[in-house]
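Trainee: Please show me the model, and then let us go through it with questions.

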Amino acid sequence: MKKTTIFGIIILLFILIVSLVVKSNYLFSILIIIGLYAIIVQGLGILMGYAGQVSFGHAAFYGLGAYTAAILTTRYHWPTIAALLAAIILPGTIAALIGRQTLKLRELYLALATLGFGILVFIAFNEGREFTGGPSGISSIPFLNIGSFAFDSDRKFFVLVWAVLALLLLGINNLVHSRTGRALRAIRESEYAAENAGIDSASLKLQAFIFSALLAGLAGGLYAFYITFISPAAFSYHASIEFVLMAVVGGLGTFWGPLLGAAVIVALSEILREVVPLLIPGAGGEYQIIIYGIILILLMVYKPEGLSSLGAVFDRSPKRAEQNTNKQ
Amino acid sequence: MLRIKNLSVYYGYVHAIKDISLEVKEGELLVILGANGAGKSTLLGTAAGLIKPAAGEILFNNKAVTGQTSEQIVSKGISLIPEKREIFTTLTVLDNLLLGAFHRYRKNKEGLKNDIKEILGIFPALKGRERDLAGSLSGGLQQMLAIGRGLMSRPALLLLDEPSVGLAPLIVQEIMAILVNLKKTGVTIVLVEQNTKSALKVADSVLVMERGGITHRGSPLEITANSSIQEAYLGRARS
């Protein structure tokens, strides 16, 4: 049986079992947020792990998706599914416009340019009061509905988000093993050599950037329809950094990395929020941040290649160990 | 096949290629000699579209390719094997070979299998290593892979930048023999080399570069007969 088929069965069973067994809305909400972040980090994983480009501006695309969905449904009364489509397309279009210029930059400069873009969009969310509601945000966003079926419960939304995530994982798995995926990996390793082999690296990097923005927009649109209230706070540059962190902690250029990274970072925050006050009575939020930081440092020191390397059984890369040996 | 007219290339204020003109005939194996910094690699890089010239014209099969992107130039039939091989070490040998045919992958997917077979026939040492990571290969095999990847684009003109660097003499001999065989199949070759003795054995004609300009051009016999070139590149003692 093909690995993708096995994966499909595993994730379908996971969705089925969780949706039947779990009763807690809190747990559903955590799983939904993990799913949404994993969608963003999937795109970021393609951009960072395969095309070798860093973006500290993906919270902006996430926010643009959320605000597009919110504004179109609350102000212009678009059908939710049409608004969700617009929430995907708009960030992709903006990525196409800014990517052509910013992707000429490399490494730190590209990171700073995307960070700057993220900050600009964050300011626009705060200051564009007429459209965005300013710091107060937009409330009364309707639930997503397809025809007469509304995703109006945590359980339904969990199934939707994880089904979307599963389809994405399968699609991305095919992409990275295709001609395009191979070319992206070549660019990550050496842009010079890739161009020398006849690969249009500028075009492929732009495509990866647009793709990642489309996914962030999709996650943003879904987030707006799930939370039904949005404000700029969720889309600050802190969120962008957190997405990059998820991609790196999970493992760049790996199949399970984005999902694992999103799950670990979200779960870690939630666990520390519960556990730290029990261990250190009277401890404030700053203790959680300190412990969170220490855990992340330890992860990066002892697993710099990401947590997905723990499950080498799923690693499709041939003879990676052999190469690592040769590098030493 | 390749005609370069009054080519000039700058790196900032450094005039790396100074108004040079040359012609490479179809089926020829041209060796370019020169010290470090003579402009040999810059010349190849410019012909391959990786470096933009400041002035001059490059014609390939009588059509201007000056200033075109490297992917356009690869698709026209020019392939560069760069100095440091530049293979993709974290990708498999097969992936590396397939990437060499990136621009024509969609057009003839089935034909690629035959091309891979053909490349493995030229480089039998790569047989059985297709699923190995390229980074796990020895230097000699990496060089063979680099040439194989270049050949996957089905070039009419192959530009090789110092393929013998860091390789054992036996491997160098093997690679030079492969180049001679390639030439017999109709591939035109421009070979930049510091391993002068090996290169002269396989050359049809030789060009010597110095400080961005061409100082000599002739047959291997004419070049070896030139005492100043002997002194500079063949390591003979002063008489």
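Mentor: Two residues are in contact if their C-beta atoms, placed from the backbone, lie within 7 Å. The model is predicted, with local features needing pLDDT of at least 70, side-chain atom pairs pLDDT 80 or more, and totals for chains, interfaces and linings using all residues. Residues are numbered from 1 along each chain as its sequence is written, and chains are lettered from A and ligands numbered from 1 in the order in which they are written.

Trainee: Which helix of chain A gives the most to the side that touches chain B?

Mentor: Contacts link 20 residues of chain A with 28 residues of chain B. Helices here are DSSP runs of H or I with at least four residues, strands are runs of E with at least two, and both are numbered from the N terminus. On chain A, α8 (179-189), α9 (191-196) and α14 (320-327) each supply at least two residues to this side. The one that gives the most, with six residues, is α8(A).

Trainee: Which residue of β8(B) stands opposite B:Val31?

Mentor: Strands β3 (residues 29-34) and β8 (residues 188-192) of chain B run parallel and are joined by four bridges. Opposite B:Val31 stands B:Leu191.

Note on methods. Pairing = 2+ DSSP bridges.
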